[in-house]
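Here is a short note for a colleague new to this model. Please read the points with the structure open.

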Amino acid sequence: MKLNSKTLILLLLACGLGGFVYFYEIRGGGKGQEQQVQGSGQRIFAFEESQVQALTLTTSGQRLEFVKAPTPEAKSGASPSPGKQTEQATEKPTEKQSESKKPQSQWLLKAPEEEPANDASVAFLLSLLATGRSDRTIKAPLTQKADFGLDQPTATIELKLNDQKTHRFILGKPDFNQSFWYAQADPATSGTPELSVLLVSPDFNNAVSRPLSEWKAAPEALTPAPSASPSPSAENATPSPEPAPEDASPSPESPPPVDSASPSSNSSASPDPGTSSTPAPPAE
């Protein structure tokens, strides 16, 4: 079967049009797309978690401010003077007990309340920011900002590093199947005709969607030390029963002692019956 020249030309045109559509529209070889998706897989930020000194998290329901707690060396500073040592030694026990109930945290919550922060919650968020990667970067016009939820973001995070540099992270809304969330890292304030939108992990939403109670450090469970039983004092001692008083009734009088000078003692002893008491008559 022999094709005429007209049919052959139409066939060639169809093949050429199909190749153009394939390479330009499907493979993304042209620049006529409304959005251009670029594979990146790069880190969102280049700083390390240990460099962060302050953190501010703003959501639709709350604004939280965190600062890194001073190290023990910074807290101690110079050795206290003897007078201060005496004052510290004479602190009330109730104050020491209240201070001991506060857990030692690496982060402090400064607003809306001043409390030790939950280190695990703060560390989880900072780890995502310091080591997290973006799966893709989408270039879109500024007019589509609301399509990514960036006009009313889910959360805005502001970071301050130890070298005084600052960073900003904006979390928008999820995509249609919630496998990624739209976000921006250090967005340009002005002079940029398009958006640079990141596709990040849903873990970012889990990290910022916490109630205030989960940002606070849980109080340590303190086991009260057994107190020594107080020794009975003179006031609290139970009075012992007094001994019964001696019988006041008079005892029968003992017979009086015999007086040696009494007449009975001076009387001569009774004469012996064999001896006459009559004197002998004088001799003539």
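Where is Gln 164 found?

1. Gln 164 sits in the loop between strand S7 (155–161) and strand S8 (166–174). Strands (E, at least two residues) and helices (H or I, at least four) are DSSP runs, numbered from the N terminus. Gln 164 is not a glycine, yet its phi is positive, about 70°. It counts as exposed, at 56% relative accessibility. Exposed means over 50% relative accessible area, buried under 20%, partly exposed in between (1.4 Å probe, protein chains only).

2. On the source: this is a predicted model, where local features need pLDDT of at least 70, side-chain atom pairs count only at pLDDT 80 or more, and totals for chains, interfaces and linings use all residues. Residues are numbered from 1 along each chain as its sequence is written, and side-chain values use heavy atoms, leaving out hydrogens and water.

3. Asp 186 also has a positive phi, near 50°. Its loop runs between strand S9 (181–185) and strand S10 (194–200). Asp 186 is partly exposed, at 37% relative accessibility.

4. Check the peptide bond from Ala 111 to Pro 112: it is cis, with omega near 5°. Pro 112 is in the loop between strand S4 (107–111) and strand S5 (115–116). Most peptide bonds are trans.

5. The largest nonpolar core has 31 residues. Such a core is a set of buried Ala, Val, Leu, Ile, Met, Phe, Trp, Tyr and Cys residues joined through side-chain atoms within 4.5 Å. Phe 66, Leu 129, Ile 157 and Phe 169 touch the most other members. Helix H5 (residues 119–131) gives the largest share, six residues.
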